[in-house]
Amino acid sequence: MNFEEELRKKTEDCERVILNFLPCAEGYASRVVEAMHYSVEAGGKRLRPLFLFETCRMYGGPMTLAEPFMAALEMIHTYSLVHDDLPSMDNDEYRRGRRTTHVVYGEGMAVLAGDALLNYAYETAIGALFVAQSEQERARVARALRVLAGNAGIYGMVGGQCADLEAEGRGGAADAQTLLYIHKHKTACMIESGFRIGAILAGAPQEDEEKLGKIAEHIGIAFQIQDDILDIEGDSQTLGKATGQDERDGKSTYVTVHGMEKAKEDVRVRTQEALELLDGLSVGNEFLRGLIQRLMTREK
């Protein structure tokens with residue numbers, strides 16, 4: 001099996017896990033559950049649960065513990081996108097090639113759908129406590145829950161979104177230090193959750209867990225820089241959303257702050273640093289290596 005086939009199969013496996021954990025629509029809450037499904041089923045790369053799955057697998061961890069966290073991580077990621085698209089935030093009408101949640105269901109229901117996804121993510125992840133087979137596994141689940149909540153909160157993704165919104169309030173201007181903070185917290189933190197939670201659930205060596213956190217930071221920042229590049233050079237049909245939005249909004253991006261040449265070079269450098277750290281782990285994973293390399297040249 002070549003890399004592209006393996007990636008497609010693993011992404012489909014992640015998709016099945018995620019959809020399997022979504023709630024059923026019934027009763028008075030059926031409309032918000034429908035909006036939750038619409039938001040999650042829009043698709044995407046499923047990178048965060050894929051990183052979690054692969055990391056847990058390569059250290060021989062139990063998938064029964066990994067799967068609730070895979071679903072929870074994607075629910076949190078999706079909630080952040082639903083809220084990010086709102087008129088009070090980025091005011092986007094399309095994502096992944098179709099209309100955003102607030103356009104289809106209304107702004108109020110989109111807020112509720114995001115809230116519901118965030119809360120249901122924790123309900124789902126907590127379920128891992130009930131399938132853990134030992135006190136050791138329960139302790140690992142508890143540690144993983146702390147990482148999941150911390151990286152999604154005020155010292156993680158929410159903090160990054162706050163800094164981004166504050167920069168917009170100043171006319172979109174952000175200096176290099178602020179921009180790096182935003183990229184680390186809005187994007188890299190949730191990628192870190194995938195790597196570190198997978199390692200924790202599998203009982204990976206502490207040294208490896210720390211390296212995986214650094215790998216995630218490099219990947220997350222490179223990923224966001226590539227997003228900034230694609231907003232200028234990308235094709236809206238391929239991306240499934242409008243390009244040039246940052247320029248129209250007057251927002252600072254890695255490209256506007258550092259220039260296109262340095263942006264592309266920094267994607268390459270951070271990717272290489274991630275690969276070198278990956279090679280220094282106590283176990284190897286050729287699929288992860290291929291995936292990290294692929295992200296460097298992605299077009300969507």
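Predicted model: local features only at pLDDT ≥ 70, side-chain atom pairs only at ≥ 80, totals over all residues.
Colleague: Where is Leu73 found, and is Leu73 buried or exposed?

Modeller: Leu73 is in helix α4; helices (H or I, at least four residues) and strands (E, at least two) are DSSP runs numbered from the N terminus. Buried means under 20% relative accessible area, exposed over 50% and partly exposed in between, with a 1.4 Å probe and protein chains only. Leu73 has a relative accessible area of 0%, so it counts as buried.

Colleague: What about α3, then: how many of its residues are buried?

Modeller: Eleven of the twelve, so to speak mostly covered. The buried set is Leu47, Arg48, Pro49, Leu50, Phe51, Leu52, Phe53, Glu54, Thr55, Cys56 and Met58. They pack against α1 (3-21), α4 (63-84), α9 (176-202), α10 (206-233) and α15 (286-296).

Colleague: And what span does α3 reach from its first C-alpha to its last?

Modeller: The expected span of a helix is 1.5 Å times one less than its number of residues. α3 (residues 47-58) reaches 16 Å, close to the 16 Å expected. Just after α3, Gly60 takes a positive phi of about 75°.

Colleague: How do I read the packing of α1 and α3: at what angle do their axes cross?

Modeller: Two packed helices are described by the angle between their axes and the distance between the axes. Axes are lines fitted to C-alpha atoms, for helices over the stretch in contact, and angles run from 0 to 180 degrees between N-to-C directions. The axes of α1 and α3 cross at roughly 105° and come within 10 Å. That makes α1 roughly perpendicular to α3 (under 35 degrees is roughly parallel, over 145 roughly antiparallel, 65 to 115 roughly perpendicular and the rest oblique). Leu7, Lys10, Thr11, Cys14 and Ile18 of α1 meet Pro49, Leu50, Phe53, Glu54 and Arg57 of α3.

Colleague: Now α10 and α14: at what angle do they pack?

Modeller: α10 and α14 (residues 260-279) pack at about 155°, with axes 9 Å apart. They are therefore roughly antiparallel to each other. α10 passes α14 in a left-handed crossing (left-handed if the near helix is turned anticlockwise from the far one by less than a right angle, right-handed if clockwise).

Colleague: And α9 with α10: which hand is the crossing, left or right?

Modeller: Right-handed. The axes of α9 and α10 come within 7 Å and cross at roughly 140°, and that makes α9 oblique to α10.

Methods. Residues numbered from 1 in each chain as written. Heavy atoms only, no water. Contact = heavy atoms within 4.5 Å.
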